[in-house]
Amino acid sequence: MNDRITLRRLDDMHCHFRIGSLLKEVLPFTAQYAGRGIAMPNTRPRAIITGNDIVWYRDEIMRALDEMPHRHRFEPLMTVEIRDSTIPQMIAEAHRVGAVAGKVYPLGVTTNSDEGLRDFDSEKISDTFRAMQDVGMLLLIHGELDRERTLVTKREEVFLPTLLKLAERFPNLKIVLEHVSTRVAVESVRQLGENVAATITAHHLCLTLNDVIGYGIQPHHGCMPMPKDFDDRDALIAAATSGDPKFFLGSDTAPHPREKKECAKGACGVYTAPVLPQVLAEVFEKAGCLDRLEDFTSRFGAEFYGLPLNDGTVSLIKSEWVVREQIGSVVPFRAGTKLQWQLA
Ligand code: DOR
Ligand code: ZN
């Protein structure tokens, strides 16, 4: 029996590190097992929309890393938020200071998307996407649209025609459909050209909508996109464990203080950073594909981004443990439950 696995240090291609004290709370978990992490730009009160913001945010993250008792070799990969007001000059500036990607939040679909993109078709935003294509920055998309008479569970499907159009119009722009949550999105990504890939979260591999609202409302499972049906989850597990390089890890670890989750109009986001490799090992083992875990966590993302693979490894051992009910100010994914794998 396999009771130890060793993985190349991970690339978590979708992290919400936040700012201030929360940043210091959450960053050590990702830095423990990941060589790199994509730092999402939807921070508040200061969003990451200019070159100056990027430099400031990277400094904040580096300072938080310096303050950690155990030093880990960890590199934040910086992103810029793309709004209707983002012009090609801002892309050039973001690229100059080292951003690897731009992130689009369509208006109103998730946490801090109040200034999200309204119009994917404007000439102005096409110029911006073209500028990204020209400098080789990736376009990361929260693929949902909030339309009239469209249920929250249908928002991803409703976005897919927009993805198809973008992929066609910008064949050399690398596009990542973030946190895919439906079978139809998985199939679209498979069928599109090599310029399109998708990230998959650990929680979407575990949850269905039943786990959010089916047995009493569970705010700590509430996230965007919402976990969907069993068949959708089957498709995500199949994609993650298939060895198809179009699908790689982006955890969307999204911490919110407990009181911001356990309230009316609670915030969306699942905090998976403290349990991420452990939960993934469980999912891949159950699928009989533990041998494919490393490609998903540590190879396909780097290859799509055009980055060298990380140095160093992390090991997991099979040994049951119970996840803490609360870590700092946040309730982690799988709080109070048993996990089968732990970090060595
Ligand atoms: O559930 C989510 N939380 N989805 C997102 O897209 C954003 C994230 C957050 O920032 O909390
Ligand atoms: Zn996110």
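A polar contact is a pair of N or O atoms within 3.5 Å; within protein, one must be able to donate a hydrogen and the other to accept it, and residues adjacent in sequence count only if both atoms are side-chain atoms. The model is predicted: local features need pLDDT of at least 70, side-chain atom pairs count only at pLDDT 80 or more, and totals for chains, interfaces and linings use all residues. Residues are numbered from 1 along each chain as its sequence is written, chains are lettered from A and ligands numbered from 1 in the order written, and side-chain values use heavy atoms, without hydrogens and water.

View 1. An oxygen atom of ligand 1 lies 3.4 Å from a side-chain N or O atom of His16. For the side chain of His142, the corresponding distance is 3.1 Å. Gly269 contributes a backbone N or O atom, 3.3 Å from an oxygen atom of ligand 1. The protein buries 100% of the 290 Å² that ligand 1 exposes when taken alone (Shrake-Rupley method, 1.4 Å probe).

**View 2. Zinc site, ligand 2.** His14 (NE2), His16 (NE2) and Asp252 (OD) are the protein donors, 2.0 to 2.1 Å from the zinc ion. Donors are N, O and S atoms within 2.8 Å of the metal (3.2 Å for Na, K and Ca); water is not among the atoms, so sites may look incomplete. Their spacing along the chain is H-x1-H-x235-D.

View 3. His14 is buried, because its relative accessibility is 0%. Asp252 is also buried, at 6%. Buried means under 20% relative accessible area (1.4 Å probe, protein chains only).

Terms used
Buried means under 20% relative accessible area, exposed over 50%, partly exposed in between (1.4 Å probe, protein chains only).
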